[in-house]
Amino acid sequence: MKPRRFFTLFLMAAVGPAAHAADGDSNAGVTIGVAAHGKYLYDAADCAGCHGGGRTGTPPGGGRALATPFGTFYAPNISADPRYGIGGWSEAQFRDALRRGIAPGGKQLFPVFPFPSFSGLTDQDISDIRAYVLSLPAVPDPDKPHQIRAPFGWRPMMAVWRALFFRPGPLAAVAGKSDEWNRGNYLVHAVAHCEECHTPRNVMGALRGSRAFSGNIGGPDGQNAPNITSDSETGIGTWTIEEITHLLKTGETPDFDSVASGMAEVIRGTKMLTDDDRHAMAVYLKSVPPIHTARRPPDHP
Ligand code: HEC
Ligand code: HEC
């Protein structure tokens, strides 16, 4: 696996372009309605893709291996189990993991867990995700230890990267933009973390904001994620809002192709969203400034 691929997996600095607000209050009760909303977000964010659970209704007992050139990371057990999962964590501790990438005891989490994106989530949404996770059965399985070569498994190293590139959320609404645009901005950045694959990175693996959405190595199989800015030649500028919405629902492009690779996994989540939410994401995407790239990446490897 190439180092760039490692950065894609390991250094995910999907901090949105908007300013960030200070923490708000959160006191959500665990009710069925809250857990259902939590499931909606859990699916859209594809927590299940790594931790298990969600769409299948099975609990997130962990275990998916994420291979990188520096070793293999295993998605931990985040089920309701008090010993091996997050059942014993307070709401504040769970929020710290998603908002700040810090687990209980001050453990700095690696951004192979896309917390730089999830940091943009509101307190209420994080609380609802937790309510959903706690509503599922506990899995009493210990985490598989990561197998990372020294020194990359040394967590304190993360402090340097965080200081340089990590800006905690939540994502603030942008004044002067419509409610629908702001909803799309939030879903694209904080929930579905589209930039993580579609935005190129600098040598330190941080997203290059000035080149947002102009394409990068994106799929789990190393396939390129294409330019999805509104450039009409090298991006998706010729797509209508309805065509983008249709892709997010069905995985079909305007030329009747079906997206594959990492994008197929993304569609598994976006197809669970409401039509309004998919429309909002499309409205936001259409507003992304065009960036002309040298050439489109190859369609399929
Ligand atoms: C791309 C795969 C991936 C996705 C998607 C993902 N995670 Fe994770 N998550 C991981 C990995 C890997 C770790 C372990 C990171 C580490 O050890 O530093 C982790 C760690 C965590 C932790 C800390 C657990 C602990 O015991 O320290 C929590 C909580 C968590 N994830 C919740 C979530 C939630 C909620 C979602 C969806 C909103 C999510 N994750 C989406 C891969 C993922
Ligand atoms: C895991 C990496 C990954 C993530 C996350 C991701 N994409 Fe993609 N995306 C890809 C890849 C790879 C392709 C190319 C798939 C193919 O050609 O079969 C693609 C293709 C696309 C296309 C089709 C472009 C074209 O010219 O055919 C659009 C539009 C798109 N993605 C939008 C999004 C949106 C919106 C999000 C967030 C909801 C997103 N992507 C998240 C990897 C990703």
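Predicted model: local features only at pLDDT ≥ 70, side-chain atom pairs only at ≥ 80, totals over all residues.
Helix α3, made of residues 47-51, gives the most to the shell around ligand 1, contributing four residues. The chain has a mean pLDDT of 84, and 83% of its residues reach 70 or more.

**Around the ligands**

Back to ligand 1. Which residues come closest to ligand 1? They are Cys47, Cys50, Ala103, Leu109 and Phe113, out of 22 residues that surround the ligand. Sort that shell by class and you get 19 nonpolar, two polar and one charged residues.

Ligand 2 has 27 residues around it, and the nearest are Ala192, Cys194, Cys197, Gly262 and Met263. Here the largest share comes from α11, with five residues. Helices α9 (195-198), α10, α11 (261-270) and α12 each supply at least two residues of this shell. By class, the shell around ligand 2 splits into 16 nonpolar, nine polar and two charged residues.

**Helices that cross**

| Helix pair | Angle | Axes |
|---|---|---|
| α10 (241-250) and α12 (275-286) | about 130 degrees | 8 Å apart |
| α8 (179-191) and α12 | roughly 90 degrees | within 7 Å |
| α4 (91-100) and α6 (123-135) | roughly 110 degrees | within 10 Å |

Take α10 and α12, which pack at an angle of about 130 degrees. That angle makes α10 oblique to α12, and their crossing is right-handed. On the α10 side, the contact uses Ile241, Ile244, Thr245, Leu248 and Lys249, which meet Arg278, His279, Met281, Ala282, Val283, Leu285 and Lys286 of α12. Seven of the contact residues are nonpolar, two are polar and three are charged.

Helix α12 also crosses α8, at roughly 90 degrees. The two helices are therefore roughly perpendicular to each other. From α8 the contact takes Glu180, Trp181, Arg183, Gly184, Asn185, Leu187 and Val188, and from α12 it takes Asp277, Ala280, Met281, Val283, Tyr284 and Leu285. The class count for α8 with α12 is eight nonpolar, two polar and three charged residues.

Now for α4 and α6, whose axes cross at roughly 110 degrees. Are α4 and α6 roughly perpendicular or roughly parallel? The angle makes α4 roughly perpendicular to α6. The crossing of α4 and α6 is right-handed. Glu91, Phe94, Arg95, Leu98 and Arg99 of α4 make the contact with Asp123, Ile126, Ser127 and Arg130 of α6. In the contact of α4 with α6, three residues are nonpolar, one is polar and five are charged.

**Two backbone details in loops**

Finally, zoom in on the backbone. The peptide bond from Gly169 to Pro170 is cis, with omega near 5 degrees. You'll find Pro170 in the loop between α7 (158-165) and α8. Asp46 has a positive phi of about 55 degrees even though it isn't a glycine. Look for Asp46 in the loop between α2 (32-44) and α3.

Notes. Residues numbered from 1 in each chain as written. Chains lettered and ligands numbered in written order. Near = placed C-beta within 6 Å. Nonpolar A, V, L, I, M, F, W, Y, C, P; charged D, E, K, R; others polar. Axes fitted to C-alpha atoms, helices over the stretch in contact; angles between N-to-C directions. Parallel < 35°, antiparallel > 145°, perpendicular 65-115°, else oblique. Left-handed = near helix turned anticlockwise from the far one by under 90°. Contact = placed C-beta atoms within 7 Å. pLDDT = per-residue confidence, 0-100.
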